[in-house]
Amino acid sequence: MDSQPQSTELVQNAEEAEPPGTMPVVTDFAELAGIRTTIPSLGTFTRSFKQPSVPPSPRPSFPPVKFPASSRSEAFRARFFPLATPAEWSDWRWQLRNRVKTLEDLERVVSLTADERTAIQRHTGSLPFAITPYFLSLLDPSDAEQPLRRTMIPVTDEYLHTAGEAEDPLSEDKDSPVPCIVHRYPDRVLFLVANSCASNCRYCTRSRMVENPDSASIFFQSQWEQAIGYIDAHPEVRDVLLSGGDPLTLSDEKLDWLLSRLRRIPHVEFLRIGTKVPVVLPQRITTSLTRTLKRFHPLWMSIHFTHPDELTPETVEACARLADAGIPLGSQTVLLSGINDTVPTMTRLMHGLLKARVKPYYLYQCDPIVGSSHFRTSVRRGLEIIQGLRGHTTGYAVPSYVIDAPGGGGKIPLLPEYVVGRDGEELVLRNYQGRHFRYPDPAGANEQAG
């Protein structure tokens, strides 16, 4: 892939190429990639709003820190992107500008099956094929059944519509009082701040929105204002989750503006960011970004991990930078058929996450979006995996297995049956080995009798 476009904007140090408050306004990657975007420039924001009350922290000088590249990444760059310098490869904006989005470019790296080729050629509308050069380097070029490859390259099964599937299975649109906001739970809201991702997962819950020109209008500045106004007007909201799309595809300046505005709202106690960027675009976790984020503590981050092969030196470095900035990290994993639906695979992933300083948080049953039947396992399989983790490894490595209930019911936790029953004033329990134990519970017996 030696004909890829090359950036002319690079400076010597990719890490510090975008210091907050000192660079010209840089649009987000959708604009740089030629995709229509409707999020206004920072200049528009600063003219329309009062300056945030959170004072900027002093900006100390730091020595240049280049984002490291593994030997695998270096070999891939040299072979398929020979015109790219190491500094360009390590620049997150270069990675976004050079996302692989065409059949021709993909076939220079991967030997596609007839089914994959047909699926890409048939695609129209939202959730187009797109993958960063970095994450493409992790895909097996010859094995179509490789787990990471299956999560990123379309197949014709995506065009099957089976019973129970829907474009918006969680009814988020129904629970959206104003554009960009989903208010389902009493004390927290989901704030959709972008409609683009660095790489597009084929099982995406919001596939209806990702890079869909028809839905781009919800990200106009006026809608951001409405969303912030809604949060400000609802004092019961103490927790705001930024998601999308992926919030970390926005520039440091836009993130700083959004977080500052939310921090000005007295009843918002803490903020969260949902992202897959540390996995598919770890170069985005620059020292500039972490300095920006750490101004807004308490700030938490949920990272979407799928498979232990994603835990590369680059991703582990990105997580270390975030953790060192004081940001608690949790993982969110979707259970996927033939990809991560075995106890050994899930154990390797959860152990690897703990070593990367990421707490396993949620294991999701795959949402029934249109065209997802080839990804979905049985619920029984998920329960078997939880049972294979509980007691066989530390509790820190066991996520909560949940179904996000179709129709807007929210997250419902699922557990293997550990309570066998009751014998008089004793509760009969089953442990991870299948052995039965009794626990004295006279109060429970009295409540049952009453």
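**Strands, core and confidence**

Trainee: How many bridges join strand 10 (residues 419-423) to strand 11 (residues 426-430)?

Mentor: Residues are numbered from 1 along each chain as its sequence is written, and side-chain values use heavy atoms, with hydrogens and water left out. Helices (H or I, at least four residues) and strands (E, at least two) are DSSP runs, numbered from the N terminus. Strand 10 and strand 11 run antiparallel, and the bridges joining them number four.

Trainee: Which residue takes a positive phi in the hairpin of strand 11 and strand 12?

Mentor: Strand 11 also runs antiparallel to strand 12 (residues 436-440), joined by five bridges, and two strands count as paired if DSSP finds at least two bridges between them. The bridge partner of Val 428 in strand 12 is Arg 438. This hairpin has five residues between the strands, and the one with a positive phi near 90 degrees is Gly 434.

Trainee: What is the strand order of the open sheet?

Mentor: Strands of a sheet pair through backbone hydrogen bonds, either parallel or antiparallel. Here the pairing is mixed, and the edge strands, each pairing on one side only, are strand 1 (181-185) and strand 9 (410-414). The sheet has nine strands, in the order 1-2-3-4-5-6-7-8-9.

Trainee: Which residue in strand 9 is the bridge partner of Tyr 401?

Mentor: Strand 8 (residues 400-405) and strand 9 pair in the antiparallel sense over five bridges. Tyr 401 has as its partner in strand 9 Leu 414.

Trainee: Which helix makes a β-α-β unit with strand 5 and strand 6?

Mentor: Strand 5 (residues 299-304) has five of its six residues buried, where buried means under 20% relative accessible area, exposed over 50%, and partly exposed in between (1.4 Å probe, protein chains only). Strand 5 pairs in the parallel sense with strand 4 (residues 270-275) over five bridges, and with strand 6 (residues 329-335) over four. The unit is right-handed (with the strands pointing away from the viewer, the path from the first strand over the helix to the second runs clockwise), and the element between the two strands is helix 14 (residues 313-324).

Trainee: At what angle does helix 10 run to strand 2?

Mentor: Axes are lines fitted to C-alpha atoms, for helices over the stretch in contact, with angles from 0 to 180 degrees between N-to-C directions. Helix 10 (residues 221-232) lies across strand 1, strand 2 (188-192) and strand 3 (239-243). Its angle to strand 2 is about 170 degrees.

Trainee: Which residues touch the most other members of the largest nonpolar core?

Mentor: A nonpolar core is a set of buried Ala, Val, Leu, Ile, Met, Phe, Trp, Tyr and Cys residues joined through side-chain atoms within 4.5 Å. Contact means heavy atoms within 4.5 Å, and beyond four places in sequence Val 240 touches residues including Phe 191, Ile 231 and Leu 262. Of the 97 residues in the core, the ones touching the most other members are Phe 135, Phe 191, Ile 231 and Val 240.

Trainee: Why does Thr 345 count as buried?

Mentor: Thr 345 lies in helix 15 (residues 343-355). Leaving out residues up to four places away in sequence, Thr 345 touches His 307, Pro 308, Ile 339 and Asn 340. Thr 345 counts as buried because its relative accessibility is 14%.

Trainee: What separates the C-alpha atoms of Pro 68 and Pro 282?

Mentor: Pro 68 sits in the loop between helix 2 (42-48) and helix 3 (71-80). Beyond its neighbours within four places in sequence, Pro 68 contacts Glu 314, Glu 317 and Arg 321. Pro 68 and Pro 282 are 214 residues apart along the chain, and their C-alpha atoms are separated by 9.9 Å.

Trainee: How many contacts beyond four places in sequence does the model have for residues 1-14?

Mentor: The protein chain averages a pLDDT of 86, with 83% of the residues scoring at least 70. Over residues 1-14, though, pLDDT stays under 50. Where pLDDT is low, the predicted coordinates should not be read in detail. With that caveat, the number of such contacts for residues 1-14 is 38.

Definitions and conventions. Predicted model: local features only at pLDDT ≥ 70, side-chain atom pairs only at ≥ 80, totals over all residues. pLDDT = per-residue confidence, 0-100.
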